[in-house]
Amino acid sequence: MGLAPDLALDVAEVDWFGEHGHSRADEVLVKGFGNAWRWPEVAGAIRRRLLDWFSRYWLDCLQGEVLGRVDEDEQAAERREASRTRARAAERERVAERFGLELKLVEPDRQAWGSYRGVELLSWLPRAPLIDVFTAWAITRAIIGEFRQFGAMAWVLRWNEEDAAEAEHAVLERARQLLDRGGEIGREAARLLLDALATPAASQLVDAEFGPPAGRAAAGLQWQDFANDRSRSQPLAAVATLDADPLDPLLELPGAWVDHLKRLASLVQDAELVAGYGIEASGLEYARAALARWVPDDLAGLMRRRFAAAIQLVPPPPQRSWLSRLWSGARGRGQEEWPPLEVPSLVKDLPRALLVLTDEDLAPWRSLSGRVLTEGVKAPFALHATALAGATAAQQITLLARTMPDEGLPDWSARLLAGPEQPDLDAIADLLGPERPVASLLAWVGYVGAAPRGARPDGWAPLVRLFGHDDAAVRAAALKLVAHNDDQVSAEAFYRSDWRFRAGMSRDEAAYGSVVLTIAPSANDGSVLDHVHPDVLGSLLARHPTQKVYLDAFAEHVRLELEHLRTSRSRVYPRSLLTVPRGWDELIAARGDDFIEWMRPFLENESGLHDLLFMPEDFPLMRSLDAVEDLVPGAKAGVVARALKASMSTNMRMGALYDLATEVVGPGADGARELALAEANNDKKLFEFANGLQRNGQGEWLLEQIERDLAGHTSGRVARGLVLAGFLVPSAENDEWWAAHQAPPATGWLAEVHAAAYAEYRRYGYVQHWARKYRNDVDDVAAFSAHALLVAGADDRLLVGEERPEADEIKGWPWRRRLHWSVGWKDVRAAMKKREDAFEKTFLATEPPLQNQAPRRQ
């Protein structure tokens with residue numbers, strides 16, 4: 001490019017405007033020209049070629065712009081004639097000649113494709129020196145009429161990291177010159193440039209010349225299918241046409257509309273209700289929120305009707321004689337599959353609906369569960385949840401002994417389990433006998449961990465007995481339960497065994513066995529040092545801080561692992577089992593100076609840090625950085641910033657590294673955050689950045705960054721500040737911020753972004769309302785509907801604010817509410833994922849830049 005720029009540009013023109021382009025070369029070409037711009041002779045050649053490309057126009061705006069063949073019909077002829085008329089107007093105005101531009105009429109083949117590649121190239125170059133190129137684009141696209149690559153070209157002017165102030169001045173001056181001519185094409189070209197720039201000054205000029213935009217009129221409530229004939233044949237579809245925000249807790253419908261919603265709910269056929277399962281089943285996915293908001297009793301009624309209808313569709317279990325059942329058992333045959341496949345899918349939805357199903361509604365399902373057990377037929381476990389609900393621990397154990405899934409109990413079942421009393425423990429002890437099948441033992445250990453402890457004591461013998469089981473998975477499951485319960489009595493019994501960590505041992509057994517030994521009171525004498533995996537040495541030190549042998553061992557482990565990270569060129573994984581969360585404070589207090597020396601290569605080095613910070617199952621360097629931060633404030637932020645710089649030159653984006661940039665504090669934190677923010681080239685990344693800062697208590701810094709963006713030189717920077725403000729967690733302080741910023745900073749594009757951002761902020765405020773209602777309303781129907789509205793609007797801010805209930809609060813709820821929250825959490829997370837996926841498809845609430853256009857391409 002430096003030696004023969006015209007030849008390189010010829011290659012690009014053949015590739016972009018020719019018949020046989022190779023899109024994989026696009027990034028190479030646009031970045032290559034962008035880097036070569038620093039040589040004046042190359043810059044001149046690029047400027048001339050871009051001017052040539054954007055001085056071209058063609059008559060049919062659809063040719064080359066849409067996929068597939070464009071029909072040669074009357075509409076095509078009309079499009080071409082309209083373009084000819086505008087071209088003649090441009091000639092009469094002599095608008096191009098005034099700026100020394102020579103427009104060229106060309107055939108449309110691949111012109112639009114090549115123009116998009118030219119726009120990508122422009123995004124890597126200074127804008128002000130190319131004002132003639134932008135002018136040529138504006139005039140030719142005023143002639144073409146539609147499909148003018150406007151969105152892509154707008155990003156070039158709105159997101160300008162090269163020469164924002166100079167470019168704005170040049171575009172405003174050129175627009176004024178075009179407006180001074182007073183012709184149709186010149187004025188349209190000026191408007192294209194100003195709308196693309198979209199700064200407040202540009203919007204003011206548009207308003208002065210063309211009048212302020214009409215804006216979106218307050219249309220009020222609308223319902224396309226109100227009292228429509230469609231209501232009877234497609235009632236749920238008719239509900240979905242209601243144009244009103246169901247999340248808004250203050251929005252009320254006219255009484256006639258509410259009555260019509262009730263009528264529509266009554267018209268839904270049973271066949272439609274029993275189709276499929278899950279949150280989007282039964283054709284309710286588009287109508288659920290409206291029904292939940294304005295007719296919650298009718299939504300609950302639909303759920304009751306759904307399962308009342310479904311029970312009628314379930315075929316009866318096969319009637320088998322006692323001799324047949326006996327013969328099947330003697331032959332060792334497995335249980336027969338029942339019922340047909342379409343029915344289990346609906347049965348699986350039972351736990352989700354239990355909140356609004358009465359005991360009367362559940363009676364036939366409980367009866368069906370009993371009949372299935374009597375016949376010895378296998379059925380989905382969710383069916384038996386109806387029998388578990390409200391039963392005593394003894395009744396539940398009896399039922400589970402016949403229905404326990406091989407894979408263990410689903411997580412939500414814990415909300416149904418009662419705490420076992422002493423007679424129940426005796427029954428469970430038999431089920432934990434070492435002669436039982438491994439799958440059964442694992443499932444029942446899972447039950448013991450999921451059920452409330454009840455009368456189960458520490459050191460419970462049936463659990464301790466499993467420490468010596470022949471199967472490693474069973475041993476690990478028992479040890480895991482002891483570790484999670486911090487059961488020191490069982491841990492002491494394990495200490496007295498001959499267990500010790502050995503290379504080649506299963507990972508779970510190695511991890512949980514080592515952790516259990518750290519819990520044992522007798523470990524205080526230093527005797528388990530050689531029995532545990534090195535990753536628990538920190539925990540040993542934290543539990544027994546007076547044992548110098550543990551301090552020395554942990555210090556040596558840290559030193560050797562850091563040395564290994566620093567010097568090794570290849571690694572074998574997995575190397576570590578645990579994240580070493582404890583022991584750092586004790587290490588720093590006793591060996592702080594030594595620790596700093598071990599860490600110094602990482603604090604000063606830049607190469608490869610992004611690989612070392614989050615390498616899976618390696619020594620946790622991040623824990624070391626957390627520890628060193630107390631001795632060297634800002635050290636962690638500096639490492640993160642250097643790792644971010646290094647990571648940006650690779651093809652792999654480590655999301656955890658960008659999350660970390662929102663966590664670090666102290667000197668250097670601003671630099672790490674600014675790097676992470678600069679890389680945020682879609683709304684999902686901006687959302688994660690804003691959410692991470694708020695999650696880590698850095699909301700004040702976020703507000704300061706928003707103000708910095710709003711004072712930026714480009715409309716893109718202002719828009720970024722607005723979008724970040726839309727991702728704030730609603731609070732009194734943030735409400736005040738939005739109250740002070742109710743007016744958009746400009747008309748046009750920034751006004752659209754402002755409206756979208758404020759809608760995002762309000763939406764999550766509505767979610768907060770429904771989350772509080774779910775937690776506080778004693779009426780189950782109201783809670784069921786509030787949850788549906790919570791799901792409709794949820795995003796990851798639910799994990800930051802105080803709307804998500806804590807475990808202790810959930811424990812105090814009635815079992816129906818506990819179960820519903822547990823089962824429904826999957827729906828909430830799915831809604832969060834759906835919302836993030838939508839954010840990923842936009843940038844600044846707008847269609848994002850092209851694939852190889854900055855800032856989408858880094």
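**View 1. Lining of the second largest cavity in the predicted model.** In this predicted model, the second largest cavity is lined by R653, Y658, D659, T662, A676, E679, A680, K685, E688 and F689. Two or more of these residues come from each of helix 35 (655-661), helix 36 (669-679) and helix 37 (683-695). Helix 37 gives the most to the lining, with three residues. By class, the lining of the second largest cavity comprises four nonpolar, one polar and five charged residues. The space in the second largest cavity is about 80 Å³. A search of the whole structure finds four cavities of 30 Å³ or more.

**View 2. The largest pocket and the helices that line it.** About 1,100 Å³ of space lies in the largest pocket. Its lining consists of 36 residues, and those nearest the centre of the pocket are L247, V791, A792, K834 and R835. At least two lining residues are supplied by each of helix 12 (235-240), helix 15 (288-294), helix 39 (715-726), helix 41 (749-776), helix 42 (780-793) and helix 44 (815-840). The largest share, seven residues, comes from helix 44. The lining of the largest pocket divides by class into 24 nonpolar, two polar and ten charged residues.

**View 3. Packing of helix 20 against helix 21.** Helix 20 (residues 359-375) and helix 21 (residues 381-388) pack at an angle of about 115 degrees, and their axes are 8 Å apart. The crossing of helix 20 past helix 21 is left-handed.

**View 4. Packing of helix 16 against helix 20.** An angle of about 35 degrees describes the packing of helix 16 (residues 296-313) with helix 20, the axes being 10 Å apart. Helix 16 passes helix 20 in a left-handed crossing. On the side of helix 16 the contact is made by R304, F307, A310 and I311, and on the side of helix 20 by D361, P364, W365 and L368. By class, the contact of helix 16 with helix 20 has six nonpolar, no polar and two charged residues.

View 5. A198 is located in the loop between helix 9 (184-197) and helix 10 (200-210). A198 counts as buried because its relative accessibility is 3%, under the 20% limit for that class. Leaving aside residues up to four places away in sequence, A198 touches R158, S203, S715, W749 and L750. A154 lies 44 residues from A198 in sequence, and the two are 8.3 Å apart in space, C-alpha to C-alpha.

**View 6. D15 in helix 1.** D15 has its place in helix 1 (residues 5-17). With a relative accessibility of 9%, D15 counts as buried. D15 and R117 are 102 residues apart along the chain, and a separation of 9.9 Å lies between their C-alpha atoms.

Conventions
Residues numbered from 1 in each chain as written. Predicted model: local features only at pLDDT ≥ 70, side-chain atom pairs only at ≥ 80, totals over all residues. Heavy atoms only, no water. Axes fitted to C-alpha atoms, helices over the stretch in contact; angles between N-to-C directions. Helix = DSSP H or I, 4+ residues; strand = E, 2+ residues; numbered from the N terminus. Left-handed = near helix turned anticlockwise from the far one by under 90°. 1 Å grid on protein atoms, 1.4 Å probe; cavity = no way out; pocket = protein on both sides within 12 Å on 5 of 7 lines; lining within 4 Å. Points joined across faces, edges and corners; volume = space filled by probe spheres on them. Nonpolar A, V, L, I, M, F, W, Y, C, P; charged D, E, K, R; others polar. Buried < 20%, exposed > 50% of the residue type's maximum accessible area, 1.4 Å probe, protein only. Contact = heavy atoms within 4.5 Å.
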